[in-house]
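Open the model in your viewer and keep the selection tool at hand. The stops below say what to select next and what is there.

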Amino acid sequence: VRVEKYALADGSTRLVAYVDGTRPGGPDTQPWDLGSNLQAYLERKESDSYKATVAALRAAGADGATPVDLVGYSQGGMNADLIAQSGEFNVQGVFTVGSPIEPALPADVLDVAVRHTDDPVAGLTGAGRPEGLGSSQGMVITRTAAPGHGIDVNVPAHQLAEYQETVRLAEQSGDPR
């Protein structure tokens with residue numbers, strides 16, 4: 001987790017947290033292991049990586065009033081989504097790539113999700129939510145990243161480099177969001 005603190009011209013502060021995805025390693029070797037994925041996604045518990053992300057936000061000075069933006073990839077995206085959904089912080093924006101969940105957010109929270117149609121991790125979100133994506137300015141950006149790969153143990157459509165290319169293409173789309 002990296003939390004950046006910005007001092008704005010009006011004297012206020014804004015935080016942006018960047019939360020990474022699953023890291024290799026056995027159970028209990030570090031918070032971003034597969035166990036945290038299972039805790040959060042299957043067991044619906046606060047995972048070790050979720051707790052570490054919340055601790056990093058608090059250490060940076062986040063409270064219920066400080067505006068916070070959350071950016072996450074894969075497991076980090078799931079943590080960003082869950083933290084935004086918790087209401088514990090003043091989350092203004094959530095930006096995820098390859099998150100396995102879709103959060104239920106208030107209408108004043110901007111949610112931008114990037115998902116590959118052939119990414120089985122992002123596919124865990126299912127068919128989405130009928131109540132929408134938070135702010136009306138939110139959006140889901142999709143692309144088929146690795147056509148023809150079928151079942152591939154390397155999961156090419158979930159690789160960060162593929163998501164970086166999708167974001168690059170979206171930035172060139174002309175959409176002002």
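Contact here means heavy atoms within 4.5 Å. This is a predicted model: local features need pLDDT of at least 70, side-chain atom pairs count only at pLDDT 80 or more, and totals for chains, interfaces and linings use all residues. Residues are numbered from 1 along each chain as its sequence is written, and side-chain values use heavy atoms, with hydrogens and water left out.

**Stop 1: leucine 70 and the cores**

Select leucine 70. Which residues is it in contact with, leaving aside its neighbours within four places in sequence? They are Ala17, Leu57, Ala80, Ile83, Ala84, Val91, Gly93, Val94 and Phe95.

Now widen the selection to the largest nonpolar core. A nonpolar core is a set of buried Ala, Val, Leu, Ile, Met, Phe, Trp, Tyr and Cys residues joined through side-chain atoms within 4.5 Å. Buried means under 20% relative accessible area, exposed means over 50%, and partly exposed lies in between (1.4 Å probe, protein chains only). This core has 17 residues. Leu57, Leu70, Ile83, Phe89, Val91 and Val94 touch the most other members. β2 (13-19), α2, β3 (67-73), α3 and β4 (90-97) each give two or more residues to the core. Helices (H or I, at least four residues) and strands (E, at least two) are DSSP runs, numbered from the N terminus. A second, separate core has eight residues, including Tyr73, Val114, Met139 and Ile141. In soluble globular proteins, nonpolar side chains tend to be buried together.

**Stop 2: α2 against α3**

Show helix α2 (residues 48-59) and helix α3 (residues 75-86). They pack at an angle of about 65°, and their axes are 10 Å apart. Axes are lines fitted to C-alpha atoms, for helices over the stretch in contact; angles run from 0 to 180 degrees between N-to-C directions. The crossing of α2 past α3 is right-handed. That label applies if the near helix is turned clockwise from the far one by less than a right angle, and left-handed if anticlockwise.

Pick out Ser49, Tyr50, Thr53, Val54 and Leu57 on α2. They meet Gln75, Asn79, Leu82, Ile83 and Ser86 on α3. By class, this contact has five nonpolar, five polar and no charged residues. Ala, Val, Leu, Ile, Met, Phe, Trp, Tyr, Cys and Pro count as nonpolar, Asp, Glu, Lys and Arg as charged, and the others, Gly among them, as polar.

**Stop 3: serine 49**

Stay in helix α2 and zoom in on serine 49. Is serine 49 buried or exposed? Serine 49 counts as buried because its relative accessible area is 0%. Its side chain makes a polar contact with the side chain of serine 47, at 3.1 Å. A polar contact is a pair of N or O atoms within 3.5 Å; within protein, one must be able to donate a hydrogen and the other to accept it, and residues adjacent in sequence count only if both atoms are side-chain atoms. Leaving aside neighbours within four places in sequence, serine 49 is also in contact with Pro31, Trp32, Ser36, Gln75 and Asn79.

**Stop 4: loop residues**

Select arginine 44, in the loop between α1 (34-42) and α2. Its phi is near 55°, a positive value in a residue other than glycine. At 63% relative accessibility, arginine 44 is exposed.

Next, go to serine 74, in the loop between β3 and α3. Serine 74 has a positive phi of about 60°, although it is not a glycine. At 8% relative accessibility, serine 74 is buried.

Finish at glycine 123, in the loop between β5 (110-116) and β6 (139-143). Glycine 123 is partly exposed, at 48%. Glycine 123 and serine 74 are 49 residues apart in sequence and 11 Å apart in space, C-alpha to C-alpha.
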